[in-house]
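Hi there,

Here is the structure I promised to pass on to you. Have a look at it first, and then read my notes below.

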Amino acid sequence: MSSVLAGIGEVFGQTQKENKPEMDSRAVVHQNQTKGEVKQKNVLGDARTRRVLQDIGNLVFDNAAALGKKPISEVVDAALAAGKGAAMVKGAAAGRRKMPEKPKPETVIVISSDKTDKIKPVSRRISAAENSTKEVKKAFTSILSARSKAACELTNKPKDPVANIDAADVDDVLAVVEYIDDIYKFYKLTEDEGRVHDYMDSQPEINAKMRSILVDWLIEVHHKFELMPETLYLTINLVDRFLSLKAVSRRELQLVGISSMLIACKYEEIWAPEVNDFVCISDNAYVREQVLVMEKAILGKLEWYLTIPTPYVFLIRFIKASLPSDKEMENMVFFLAELGLMQYPTIIEYRPSIIAASAVYAARCTLGKTPFWTETLKHHTGYHEDQLRDCAKLLVKFHFAAAESKLKAVYRKFSSLDHGAVALFSPAKSLSTNL
């Protein structure tokens with residue numbers, strides 16, 4: 001019996017050894033005797049140098065005949081024919097491992113690119129392939145999710161982030177950085193209270209052209225006295241508000257102008273001009289008492305309401321938000337804003353904050369500052385570019401006509417080197433269409 005088993009094992013081992021180059025893997029039988037029982041275990045074949053080309057689980061050597069070798073069944077039949085006895089064959093059959101059934105072809109094919117990867121048995125290879133597929137799916141999903149998230153962040157991220165324009169003024173107590181945003185929110189809420197509406201129909205002797213002549217003269221007086229910019233904007237606001245409440249004769253129109261500037265100087269200036277200075281500048285057209293009477297009449301009609309947001313308070317904030325801000329930019333903004341102040345339609349149709357924002361927008365277009373409107377300006381002004389285009393076109397139209405206009409106070413003022421000669425710049429062509 002031992003000789004038959006030895007012969008079967010020799011043939012079986014020789015068959016496996018000779019077929020090793022053609023096989024994907026082999027099964028090694030370990031017989032571990034523990035408490036009298038035989039335990040059988042499949043271990044990993046030593047086939048690390050070969051790539052996986054076909055099923056490694058077919059341990060029934062059906063193709064052995066094709067290779068010129070005798071299968072195990074024929075060896076057993078030969079032993080029976082030799083007369084060794086049914087008992088010895090039965091013992092030999094019990095000594096060898098029961099072969100697994102031929103597995104059905106699987107649709108999952110795992111091809112490893114690493115030559116050093118170990119070849120797993122069929123029973124575990126299928127589950128490993130499934131896990132690998134899940135891992136790949138998970139990996140692709142996570143990659144796509146990460147890329148999608150990154151793309152969304154890039155899309156939602158503003159191209160021009162809002163700059164902190166007050167960072168340099170944190171230590172300046174006069175800049176009141178802690179309250180500046182709330183202050184301008186309040187200005188935006190209350191600017192309509194100091195805004196005037198169309199009043200020319202209530203003035204029998206005054207028209208829009210006469211008002212422009214008065215404002216042109218007041219700008220020249222303001223420049224001659226070297227007053228603060230706030231004084232000019234408050235003066236024009238007082239004139240318009242008073243004219244909207246009381247009918248004035250043509251002869252008193254200039255008196256309203258100098259009396260309004262006197263009030264504005266007392267409100268804004270440290271050293272305000274005296275009453276006689278205004279009488280002298282008006283070529284003695286009025287006496288001192290007339291100026292004081294008109295001053296009292298204006299304050300009475302306006303109920304002493306002088307603290308109002310004029311275009312100037314918005315201009316200084318919006319200029320600061322127009323980065324990079326320089327003196328040339330500042331002069332161009334004030335030039336366009338004062339051209340707007342002279343024209344009655346501008347004051348009537350647009351709010352002070354829109355006039356200021358449109359002056360900044362038109363100035364950037366004139367000086368070629370790109371982009372013309374930034375996220376920082378949008379944040380601090382509260383206006384989109386489309387909301388300012390009509391008013392900006394109107395200001396550019398005034399710029400085109402300034403050199404040929406008879407009212408040249410603003411043009412001469414900003415043609416000087418003290419103001420950068422910005423009036424001599426070519427108007428913005430991008431806003432000059434369809435004017």
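E226 is not a glycine, yet its phi is positive, about 55°. E226 counts as exposed at 69% relative accessibility, where exposed means over 50% relative accessible area, buried under 20% and partly exposed in between (1.4 Å probe, protein chains only).

Please keep in mind that this is a predicted model, where local features need pLDDT of at least 70 and side-chain atom pairs count only at pLDDT 80 or more, while totals for chains, interfaces and linings use all residues. Residues are numbered from 1 along each chain as its sequence is written, and side-chain values use heavy atoms, with hydrogens and water left out.

D283, also not a glycine, has a positive phi of about 60°. You will find D283 in the loop between helix 9 (275–281) and helix 10 (288–301), and with a relative accessible area of 65% it is exposed. Most residues other than glycine have a negative phi, and most peptide bonds are trans.

There are cis peptide bonds to look at, too. One joins L323 and P324, with omega about -5°, and P324 sits in the loop between helix 11 and helix 12. Another links T370 to P371, with omega about -5°; P371 belongs to the loop between helix 14 and helix 15.

Finally, helix 11 (residues 311–321) is mostly covered, with nine of its 11 residues buried, among them Y312, F314 and F318.

Enjoy exploring!

Definitions and conventions:
Helix = DSSP H or I, 4+ residues; strand = E, 2+ residues; numbered from the N terminus.
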